[in-house]
Amino acid sequence: MVMQPGTEISEKLTSIRDTLEETGAAGVRLRGTDWFAWATGGASNTVLLAAESGVAEVLVTPDGAWVLTDEIEAQRFRDEELTGDRGEFYQLQVNPWSESTKREAFVAEVTGEGKVLSDRPVSLLPHNPEVLLPTALVQQKRTLLPSELDRYRQVGRLASEAMTEALTQAKPDWTEHQLAGVGAAALWKRGLHPALTLAAGERRLPLYRHPTASAAPIGQVAMMVFCARGFGLYANLTRFICFGSLAAEQKEVHRQVREIEAAALEQCRRGTPLNQVYTSLQQAYEQQGYPQAIYEHHQGGTTGYLAREVVANPSTTDCLMANMAIAWNPSLRGAKIEDTFVLHPDGSLEDLTFDPNWPSVEVEGRSRPVPLEL
């Protein structure tokens, strides 16, 4: 059964208002790009891509729901962001860009100067205390509704197609800057935000786990990493190319990384704490002969409206739940693997960033990407 956008927003507003009743708070303010997209069914408050909060916020009270913005953004929000069902559920409240106090006065008025919950609490007015959102509401953001999964599938498919398009154009004399630029262009062409485009060539790939692009030529081997954002949702994936045949020792390292990832994916069941998955990764690294590798890079975790909602570590007791998205990224020197999966209620994992046009091999019953030889 397909959930309509209006049903999704209605359900989320109900959850927010249930939270208000349970906590005795007078309102909820959602400032982050992640929470804004969640509450509005995929709208965006982003102008500066690197910012964690945007040019508008959501305010919900027991009997009202608004998008708060200033006069610079108002017309675009009317025309492009608050269309259809969004416009039916949210009113637009506009303040002059130079008079932010008017926004705070409006919030104080509609909340009766009561306690306000927020994803990013601030103390703008002493009579309007703000406190962090309760854990139960945060958990709801991390478990996806059917309409969110439909959007996520679109984002994953487009992101993987953009990756394939960019890497199949690459040339050995390109710089990492050129490769990252072509990757970002392929994402923009599909309407996705290139929140992260890492690129590394032959020289820098073995040196750094987070190789931000440089002016170095990519040479015979290259890696590119995407965190691509659409409807507020992140598709995370990593791919490799090689000009000519990959050396036998490099093929072996990639095989080992796939085996390490398989150990993590096998642990992805409902109710499994993230630190248990971390432990399985640690053991897999040891079995492959790399006991220190787990300390050289984070291993991933749950994803969704953030590139990583929760990063797994030895003390992370958050449990996996049905309809959570997951992205693991185990790595060894010169090799890495990453895709974005969703854990379904029946325990199956759906690869949202799978591209049938990219070469793959089967690992523990799943198609996993291998370096593309050009």
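This is a predicted model: local features need pLDDT of at least 70, side-chain atom pairs count only at pLDDT 80 or more; totals for chains, interfaces and linings use all residues.

Reply: Let's start with two neighbouring strands: β1 (residues 27–32) and β2 (residues 53–61) pair up in the antiparallel sense, over four bridges. Two strands count as paired if DSSP finds at least two bridges between them. Residues are numbered from 1 along each chain as its sequence is written, and side-chain values use heavy atoms, with hydrogens and water left out.

Back to the strands. Find V28 and look across: V60 in β2 stands opposite. Now move on to β3 (residues 64–70), which pairs with β2, again in the antiparallel sense, over six bridges. A hairpin of two residues joins β2 to β3. Here V58 faces V67 in β3. As background, strands of a sheet pair through backbone hydrogen bonds, either parallel or antiparallel.

V58 and V67 turn up again when you look at the packing. Both are among the residues with the most contacts inside the largest nonpolar core, along with I16, L30, Y90 and L133; the core has 33 residues. A core like this is a set of buried Ala, Val, Leu, Ile, Met, Phe, Trp, Tyr and Cys residues joined through side-chain atoms within 4.5 Å. "Buried" means under 20% relative accessible area, "exposed" means over 50%, and "partly exposed" is in between, using a 1.4 Å probe and protein chains only. The top contributor is α2, with five. In general, nonpolar side chains tend to be buried together in soluble globular proteins.

Zoom in on Y90. Setting aside neighbours within four places in sequence, Y90 is in contact with I9, L13, A39, T40, V58, V60, A65, W66 and V67. Contact means heavy atoms within 4.5 Å.

Next comes helix α5 (residues 101–110), whose buried residues are R103, E104, F106, V107 and A108. They pack against β1, β2, β3 and β4 (91–95). Just after α5, look for G112, which takes a positive phi of about 60 degrees.

Now for the rings. Rings of Phe, Tyr and Trp (its six-membered ring) pair if their centres lie within 6.5 Å; planes under 30 degrees apart are stacked, over 60 edge-to-face, and the rest tilted. By this rule there are three aromatic pairs. One of them is W35 with W38: the ring centres are 5.2 Å apart and the planes meet at 80 degrees, so the pair is edge-to-face. These two tryptophans sit three residues apart in α2, about one helical turn. An α-helix has 3.6 residues a turn, so residues three or four places apart point the same way. Both are buried: W35 has a relative accessible area of 4%, and W38 comes in at 2%.

W66 and F106 make another pair, with centres 5.3 Å apart and planes at 85 degrees, so this one is edge-to-face too. W66 is in β3 and F106 in α5, so the pair ties together parts 40 residues apart in sequence. Both W66 and F106 are buried.

A salt bridge is a side-chain nitrogen of Lys or Arg within 4 Å of a carboxyl oxygen of Asp or Glu. The whole structure has 36 of them.
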